Amino acid sequence: MNIPTELYYSKEHTWLKIESDIGIIGITDFAQSELGEIVYVDLPNNGYTFKQHEVFGSVEALKTVSDLFMPISGKVIETNKALLKDPTLVNNEPFTNGWMMKIEIESKEELSNLLPAAEYQKTIGV
Amino acid sequence: MNIALFSDIHANLPALEAFFKDVDARNPDAIYCLGDLVGYNIWPNEVVNEIRKRKIPTIAGNYDFGIGRMSNECGCAYKTDHEKDNGNISISFTNSTMKDEERKYLRTLPAHIKVEFQLNEDKLNLLLVHGSPRKINEYLFEDREEKSMLRIMEQADADIMCFGHTHKPYHRILNSGIDGQNHFRHAINIGSVGKPKDTNPQGGYVMLTINDNSSILDKESIQIEFIRFNYDVETAAKAVEDSPLPNEFADMLRRGF
């Protein structure tokens, strides 16, 4: 199970990468493996704001649909258009080309509510 | 007109024969088959040939797609290793049983059938798929979020969408109208002839009735009847037990799960 150490993780299995004031969000390798083949990712339009832990979209796999939760509060500035054409990027490259959206982070203080890789690994029991 | 829709026979010849007897007595105007003719029982060739003999327009199910290509993958999205192991026995058995001509038929089945009615100076699109319009093996269960189901139907321009794959029949009416104007869409899972999973071991199919007043504006103007029929479940279950297929498949037929 791949769990990159440079990322922050939420208990709802999203990851957050920090690039100055911009956050990049996706779901973890564990999440995609639990969901199975992904057929559609429902993401918000640019400009929407969400609070930490709020549902920002959903991911539709062959057998199930699962909500997506914000790892940190912020405003959507870009979504990954490549997922419209090939949603299985989330399965195949969850931490890189399978990213979901970029946000303007509201407050980095909320980072303390997220887990480092080692802690996240414990929560998923691998 | 009355349109009979059936699917998910899964190589169960006694169930298919009982279905034909039942549907013939009702004398529909058209019959369509929504796929998954093979897998999980011993009569894949016989089922293909009975459907071909009757020249029934048929689309491919995920199992037909896999077996048609001699694949060891049926797109079944099994959850557990045990299910996968049993599934692999079925794929391997079906691949070894399937004859060339019948396999070729499976390989050439279309993915979708679209039927456009022109009634009341408007169009009414009936879309037939196996799993969903976007994936042959997507499971559209009854509890699918309305937003998701509507998006799938809107993107496919389907006013009435009929599908199988989950083996659990249901009919949902969703309204995608805007500005106070109704646009009712019907999502219909037609159940399974030969491997029902709704705890009722009887075979199942759907009769869809389109009248000259049928319209997207009136949700009652399209009628759906879920028909169940008896068949010799024991013969089908015993055939599984007398074959290399896992005995659990026989139990599933007897108890409908």
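**Close-up 1. The open sheet of chain A.** Two strands count as paired here if DSSP finds at least two bridges between them. With that in mind, welcome to this predicted model. Chain A holds an open sheet of 6 strands, running in the order β1-β2-β3-β9-β8-β5 with antiparallel pairing. Strands β1 (8-9) and β5 (49-50) of chain A stand at the edges with a single partner strand each, so one side of each has no neighbour in the sheet.

**Close-up 2. Where β3 meets β9 in chain A.** Here, residues 22-27 (β3) and residues 101-105 (β9) of chain A pair in the antiparallel sense over 4 bridges. Look for Ile24(A), whose bridge partner in β9(A) is Lys102(A).

**Close-up 3. Lys102(A) and its salt bridge.** The side chain of Lys102(A) also meets that of Glu78(A) in a salt bridge, at 3.9 Å from N to O. This pair links distant parts of the chain, 24 residues apart: Glu78(A) sits in strand β8 (residues 74-79) and Lys102(A) in strand β9 of chain A. Glu78(A) is partly exposed at 35% relative accessibility, and Lys102(A) is partly exposed at 24%.

**Close-up 4. A salt bridge within a helix of chain B.** Glu50(B) and Lys53(B) share helix α2 (residues 44-53) of chain B, 3 residues apart, or about one turn of the helix. Their side chains form a salt bridge of 3.2 Å, N to O. Lys53(B) is exposed, with a relative accessible area of 57%.

Close-up 5. Arg134(B) and Glu138(B) form a salt bridge, with their closest N and O atoms 2.8 Å apart. Arg134(B) is partly exposed at 26% relative accessible area, whereas Glu138(B) is buried at 0%. Both belong to a network of salt bridges that also links Asp42(A), Glu60(A), Arg144(B), Lys147(B) and Arg151(B).

Methods. Residues numbered from 1 in each chain as written. Chains lettered and ligands numbered in written order. Predicted model: local features only at pLDDT ≥ 70, side-chain atom pairs only at ≥ 80, totals over all residues. Heavy atoms only, no water. Helix = DSSP H or I, 4+ residues; strand = E, 2+ residues; numbered from the N terminus. Salt bridge = Lys/Arg side-chain N within 4 Å of Asp/Glu carboxyl O. Buried < 20%, exposed > 50% of the residue type's maximum accessible area, 1.4 Å probe, protein only.
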